[in-house]
Amino acid sequence: NLPDGKMTYEWLVDALQAEKDTARSLKVLAEGLQKYPTDQYMISKQVNYYIQHGKRAEAISYLDNAIAANPTKPEYYNVKAGLYLMDKNYDEALKLYEKSQSIASNVEAVEGIGVVYAAQGVAEDGKADNIKSDAEWKKARAKAETIYKKAEGYLEQAKEMYGENYNSDNLYWLGIVYNRLREGEKYKAIQKIKNSL
């Protein structure tokens, strides 16, 4: 058994992971989390391990436990929302980002909501591309544009929150949204920022 103290566990987990001793680092992490179930550093290490090893179900289950132990920490909702977004489960991702934002205003949630809408817009555009009827295509395209408009508001708000510390994901999605909405000047402005980074 290790001496008490969160720092001891954190240091040892880092050292073992640096040595690529996954089995021992996970054992130490589990012991540390048993003693300190609300320690954000160790929770983050555990979740990152699951994500990096493609164990999304385990990551989500673990995040559920982390949220239960830390219900006022928006970052756990954001990470869980991101996993749902990767699986194209837009409704669940949106709920989680909105919950995160309701706890505390944070750029990750604002941007996440924008990305969910942008991804939904791209999906709707994909459906529209397969429609043969001109009237039906226009209807589908109008639906996609409505979704892109929602995305635009959130993504622009996130860009403002980032200020001069531009976020490449935010710029990427803004570029897509501006392009799909045929907002040429805004699109060029985003491309200029991207090229300057």
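Author: Start with burial: a residue is buried under 20% relative accessible area, exposed over 50%, and partly exposed in between (1.4 Å probe, protein chains only). The model here is predicted: local features need pLDDT of at least 70, side-chain atom pairs count only at pLDDT 80 or more, and totals for chains, interfaces and linings use all residues. Residues are numbered from 1 along each chain as its sequence is written, and side-chain values use heavy atoms, with hydrogens and water left out.

Reader: How many helices and strands are in the protein chain?

Author: Helices (H or I, at least four residues) and strands (E, at least two) are DSSP runs, numbered from the N terminus. The protein chain has ten helices and zero strands. From the N terminus its elements read α-α-α-α-α-α-α-α-α-α.

Reader: What does the C-alpha trace of the protein chain span along its principal axes?

Author: About 70 × 35 × 30 Å. Of the 197 residues, 41% count as buried.

Reader: Among contacts between residues at least 6 apart in sequence, what percentage join residues at least 24 apart?

Author: A contact means heavy atoms within 4.5 Å. In this chain, 50% of the contacts between residues at least 6 apart join residues at least 24 apart.

Reader: Now a single helix. How many residues does α6 have, and how far does it reach?

Author: The expected span of a helix is 1.5 Å times one less than its number of residues. Helix α6, residues 90-103, has 14 residues. From first C-alpha to last it reaches 20 Å, close to the 20 Å expected.

Reader: Which residues of α6 are buried?

Author: Tyr90, Ala93, Leu94, Leu96, Tyr97 and Ser100. They lie on the same side of α6, because they cover an arc of only 165° around the axis. That arc is taken over the directions from the helix axis to the C-beta atoms. On the other side of α6, Asp91 and Ser102 are exposed.

Reader: What covers the buried residues of α6?

Author: The cover includes α5 (74-86) and α7 (107-129). Look along α7 for glutamine 120.

Reader: Is glutamine 120 buried or exposed?

Author: Glutamine 120 counts as buried, at 18% relative accessibility. Leaving out residues up to four places away in sequence, glutamine 120 touches Tyr90, Asp91 and Ile147. Tyr90 is one of the buried residues of α6, whereas Asp91 is exposed.

Reader: Let me try α4. Which of its residues are buried?

Author: Ala59, Ile60, Tyr62, Leu63, Ala66 and Ile67. Their arc around the axis is only 165°, so they share one side of α4. The face turned away from this buried side carries exposed Ala57 and Ala68. Helix α4 has 14 residues and reaches 20 Å, close to the 20 Å expected.

Reader: What do the buried residues of α4 pack against?

Author: They pack against α2 (22-35), α3 (40-52) and α5. Next comes the loop between α4 (56-69) and α5, where asparagine 70 is found.

Reader: Is asparagine 70 buried or exposed, and what does asparagine 70 touch?

Author: Asparagine 70 is buried, with a relative accessible area of 7%. It touches Pro37, Thr38, Ile43 and Tyr76, not counting residues up to four places away in sequence.

Reader: Turn to backbone angles. What is phi of lysine 20?

Author: Phi of lysine 20 is near 60°, a positive value in a residue other than glycine. Lysine 20 is found in the loop between α1 (6-18) and α2. Its relative accessible area is 70%, so lysine 20 is exposed. Arginine 182 also has a positive phi, about 55°, although it is not a glycine. Arginine 182 is in the loop between α9 and α10 (184-196). At 57% relative accessibility, arginine 182 counts as exposed.

Reader: Last feature. What is the volume of the largest pocket?

Author: On a 1 Å grid over the protein atoms alone, a pocket is an open set of points with protein on both sides within 12 Å along at least five of seven lines; lining residues have an atom within 4 Å of a point. Grid points are joined across faces, edges and corners, and a volume is the space filled by probe spheres set on the points. The largest pocket has a volume of about 340 Å³.

Reader: Which residues lie nearest its centre?

Author: Leu85, Tyr97, Glu111, Val115 and Asp169, out of 13 lining residues. Tyr97 is also among the buried residues of α6.

Reader: Which helix gives the most to the lining of the largest pocket?

Author: Helix α7, with five residues. α5, α7 and α9 (168-180) each supply at least two residues.

Reader: How many lining residues are nonpolar, polar and charged?

Author: Six are nonpolar, four polar and three charged. Here Ala, Val, Leu, Ile, Met, Phe, Trp, Tyr, Cys and Pro count as nonpolar, Asp, Glu, Lys and Arg as charged, and the others, Gly among them, as polar.

Terms used: 1 Å grid on protein atoms, 1.4 Å probe; cavity = no way out; pocket = protein on both sides within 12 Å on 5 of 7 lines; lining within 4 Å.
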